Amino acid sequence: MLDLWVHQWRRRHARGRVSIVRYADDFVMGFESKADAQRMVAALKVRLNQFGLALHEEKTRLIAFGRLTALDRARAGLPRPRTFAFLGFTHYCGWTRDGRFIVKHKTQSKRLTRKLNELRSDAWRRMHEPLADQHRWYVSVLRGHCAYYGMPHNWRALAGFRQALRRIWFTCLRRRSQRSRAAGWAWFDAVTARYPLPPVRITRSWAQQRI
């Protein structure tokens with residue numbers, strides 16, 4: 001319903017370019033004209049209401065974003081354009097080393113916090129499993145995280161996730177027995193030398209990063 005209607009609205013009413021990226025009921029739209037964006041918000045509210053639906057008030061907002069906005073703000077000595085979150089990433093304006101504009105992505109902080117809370121809960125349930133089984137599970141979690149969030153420029157967030165995962169595993173192993181509680185990081189380093197965690201890596205190419 002949304003995709004077809006946006007396409008029709010674009011042909012009938014838009015004065016500039018209009019784009020939409022959607023996954024399930026979560027979507028981002030881009031407009032060349034600010035007036036088009038404002039008209040779309042008003043029209044979309046009416047259209048969704050016909051189906052008993054409504055825009056999410058906290059997630060729906062208009063922001064100036066993109067190369068021209070970033071250039072204008074840089075020339076005026078202003079901070080970078082505002083960011084937006086979509087599908088677990090925070091998207092923000094940036095520049096390459098040779099001065100080309102690029103949209104960069106980093107793990108959304110709220111999504112990361114939720115993921116780590118879920119990881120802690122699962123880790124406690126696996127606390128008394130054999131080390132080899134725990135190791136396989138932690139490795140699968142880390143690789144799965146990198147497979148989704150391994151975007152260029154997101155290495156710092158990936159490394160932070162790996163470090164948090166190590167702390168969770170260390171804490172769980174120390175709680176397994178009275179003897180383990182006296183162990184320190186040197187002991188855990190010996191454990192992970194036998195059961196190593198893979199390093200984080202970027203899994204998406206520059207071509208996949210382009211929007």
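**View 1. The surface of the protein chain in this predicted model.** About 14100 Å² of the protein chain is accessible surface, and 51% of that belongs to carbon and sulfur atoms; such areas come from the Shrake-Rupley method with a 1.4 Å probe, and for residues only the protein chains shown count as cover. Of the 211 residues, 33% count as buried, where buried means under 20% relative accessible area, exposed over 50%, and partly exposed in between (1.4 Å probe, protein chains only). Before we move in, please note that residues are numbered from 1 along each chain as its sequence is written. In this predicted model, local features need pLDDT of at least 70 and side-chain atom pairs count only at pLDDT 80 or more, while totals for chains, interfaces and linings use all residues, and side-chain values use heavy atoms, leaving out hydrogens and water.

**View 2. The elements and overall dimensions of the protein chain.** Here you can trace 9 helices and 5 strands, which are DSSP runs numbered from the N terminus (helices: H or I, at least four residues; strands: E, at least two). Read from the N terminus, their order is α-β-β-α-α-β-β-β-α-α-α-α-α-α. The C-alpha trace spans about 70 × 45 × 25 Å along its principal axes. Its radius of gyration is 23 Å, whereas a compact globule of 211 residues would have one near 17 Å; the radius is taken over C-alpha atoms, and the globule rule is 2.2 Å times the number of residues to the power 0.38.

**View 3. The loop that holds Gly99.** Look between strand 4 (89-95) and strand 5 (101-107) to find Gly99. Gly99 counts as partly exposed because its relative accessibility is 46%. From the C-alpha atom of Gly99 to that of Ala147, 48 residues apart along the chain, the separation is 28 Å.

**View 4. The largest nonpolar core, with 27 residues.** A nonpolar core is a set of buried Ala, Val, Leu, Ile, Met, Phe, Trp, Tyr and Cys residues joined through side-chain atoms within 4.5 Å. Leu119, Tyr138 and Leu165 touch the most other members of the largest core. At least two core residues come from each of helix 4 (109-125), helix 5 (131-149), helix 6 (155-174) and helix 8 (185-194), and helix 6 gives the most, with 9 residues.
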